[in-house]
Amino acid sequence: MAKICLCLTGKTLERNLDLLAKYRKYVDVAELRVDCLDPDERFLIRRFPEQAGVPVILTIRRKEEGGYFSGGEGSRISLFSKGLAFAEADRRKNFAYVDLEEDLNVPSLEEAARTFGTRIIRSFHNNKGVDDNLVERMKKLRHVGDEIVKAAVFPQNLADVLRIYRAAGETRDFDKVLLGMGHYGTNTRILADKLGSYLSFVSAKDEPEAVLAAPGQLDPKELVEIYRFRKLNPSTILFGIVGFPLHATSSPSFFNQVYTEENINAVYVPFPADSLESFMELAKELGIKGASVTVPYKEKILPYLAVQSEKVWALEACNTIVASPEGWMGYNTDCRGFSDSLLNFTGEKDLRGQRVTIIGAGGAARAVAAEVYRLKGKALVLNRTVVRAKRLAMAYKFAWGSADAEGAELMKRYNSIVIQTTSVGMEPAPGEDPLPDYQFNGKEKVMDLIYKPHETLFLKRAVEAGCAVQNGYDMLIRQAIYQYLFFMGTEFPSGLMNRIRMS
Ligand code: ATR
């Protein structure tokens with residue numbers, strides 16, 4: 001079972017002790033990042049393990065490896081010596097581990113560590129990528145056989161992430177910490193146990209003046225309570241979400257809470273993917289059982305499907321894949337998720353007599369258009385790329401236009417309901433508006449499928465004009481409930497929704 005290590009990056013030892021006390025219940029080990037301490041505090045580190053009351057790693061990270069220590073090697077070595085000096089027979093009063101970099105060859109430090117039971121973590125950091133010879137480098141890293149190898153690499157794409165998982169498989173015969181930094185690498189921190197990592201590092205991210213110890217780290221609470229880190233074992237079933245850039249998704253929070261509530265041995269992990277092909281390979285490597293598919297892959301996923309549901313076939317858009325002996329099965333839960341949510345919002349049974357504008361013509365828009373048609377609404381499709389709007393609209397005998405002033409003019413005749421389906425205005429670019437030329441008259445019912453931010457600029461304008469509005473959160477949950485059925489093969493338990501808290 002991988003341990004959880006809280007990186008302590010406070011400026012004072014007292015602050016670090018406070019942080020540790022606050023997160024104690026989530027962590028097994030703490031890493032004292034001496035490089036983050038104020039200079040005066042650095043001389044007082046020797047007593048820290050005793051005060052901490054948990055095994056502590058002594059780390060003094062240099063700037064070139066992403067740390068904050070800017071002094072020379074001489075002063076760094078003398079700090080290490082201070083930390084390891086006056087070792088006590090009661091090991092709990094000594095540092096349990098010391099992180100010595102690959103190129104740090106100071107036999108006296110190693111000897112001091114070994115004599116008093118401080119285990120050496122022999123580390124290297126690649127802040128620019130994933131080494132081509134990662135496995136070899138890891139194998140050669142240990143100076144002596146009892147050292148823990150630590151390789152922190154920075155995947156630049158999902159193919160790099162795949163190489164990390166493969167390297168993990170080839171380095172099972174010694175203790176190691178192998179992790180991918182950054183947004184792409186966060187899943188390696190969640191799945192540390194799968195990688196055979198000795199520990200996973202977390203940072204108290206929500207704290208005031210928090211200094212992130214390394215990019216891509218999760219908060220301790222997030223790792224334990226959302227990602228169920230303590231419950232993961234070799235039989236845990238893996239689910240996930242694939243998309244790009246995948247900065248804003250509530251699906252992991254939803255599914256992981258469901259697994260916790262229902263006592264299901266599964267975890268749902270985000271996989272930001274610059275390439276769908278890499279994700280499909282990774283999914284095979286990790287044995288992923290099912291995944292949600294989001295922007296921009298709802299169409300691009302089609303060639304990878306062995307079986308398509310009728311809806312996927314008709315819409316050429318798929319947002320749910322499930323592994324089967326025949327290959328990937330593809331489903332679309334956006335359709336029903338959307339229409340259930342829209343009808344609930346409008347309080348209607350169908351869209352007879354309603355004139356609807358659909359902004360966008362991508363995968364999500366196709367699900368929306370199909371449902372508007374099924375519910376007997378009349379619609380106008382507006383899109384930046386007009387040919388895509390035309391292609392979608394013609395399938396249902398809808399009108400079409402461009403997402404500009406001309407389209408905004410047409411929209412005046414299709415404005416009982418407005419549905420925004422593009423990713424424009426989504427975090428991390430909430431200042432964007434998919435149709436600034438349209439002025440709301442206050443009577444439109446406006447739905448934006450985005451739910452992060454809670455209120456897009458587009459919805460804000462609608463609210464200011466007096467419109468009734470709804471964001472995409474309700475749809476997300478409704479479609480996820482349908483997804484649950486495909487993932488698990490059983491109905492979503494009734495009453496469970498009342499027990500799920502979402503942010
Ligand atoms: P999804 O499958 O999630 O709908 P998609 O198929 O890539 O994703 O579709 C994205 C939609 O958002 C499209 O309507 C796209 O417009 P284009 O067809 O012109 O690409 C729209 N979109 C994305 N980024 C946009 C931007 N910056 N400005 C305007 N429209 C944008």
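Helices (H or I, at least four residues) and strands (E, at least two) are DSSP runs, numbered from the N terminus. Residues are numbered from 1 along each chain as its sequence is written. This is a predicted model: local features need pLDDT of at least 70, side-chain atom pairs count only at pLDDT 80 or more, and totals for chains, interfaces and linings use all residues.

Q: What follows H13, and what is its phi?
A: Gly347 follows H13. Its phi is positive, near 75°.

Q: How do you know that the span of helix H13 agrees with its 13 residues?
A: The expected span is 1.5 Å times one less than the number of residues. For H13 (residues 334-346) that gives 18 Å, and the end C-alpha atoms are 18 Å apart, so the two agree.

Q: Which residues of H13 are called buried?
A: A buried residue has 20 or more other C-beta atoms, placed from the backbone, within 10 Å of its own. Asp334, Cys335, Gly337, Phe338, Ser339, Ser341 and Leu342 are the buried ones.

Q: What makes up the largest nonpolar core?
A: A nonpolar core is a set of buried Ala, Val, Leu, Ile, Met, Phe, Trp, Tyr and Cys residues joined through C-beta atoms within 7 Å. The largest has 146 residues; Leu6, Ile358, Ala369 and Val381 have the most contacts inside it. H14 gives the most to this core, with seven residues.

Q: What is Ile358 in contact with, leaving aside its neighbours within four places in sequence?
A: Contact needs C-beta atoms, placed from the backbone, within 7 Å. The partners are Ala365, Val368, Ala369, Val372, Ala379, Val381, Ile419 and Thr421.

Note on methods: A residue is buried if 20 or more other C-beta atoms lie within 10 Å of its own, exposed if 12 or fewer, and partly exposed in between; C-beta atoms are placed from the backbone. Two residues are in contact if their C-beta atoms, placed from the backbone, lie within 7 Å.
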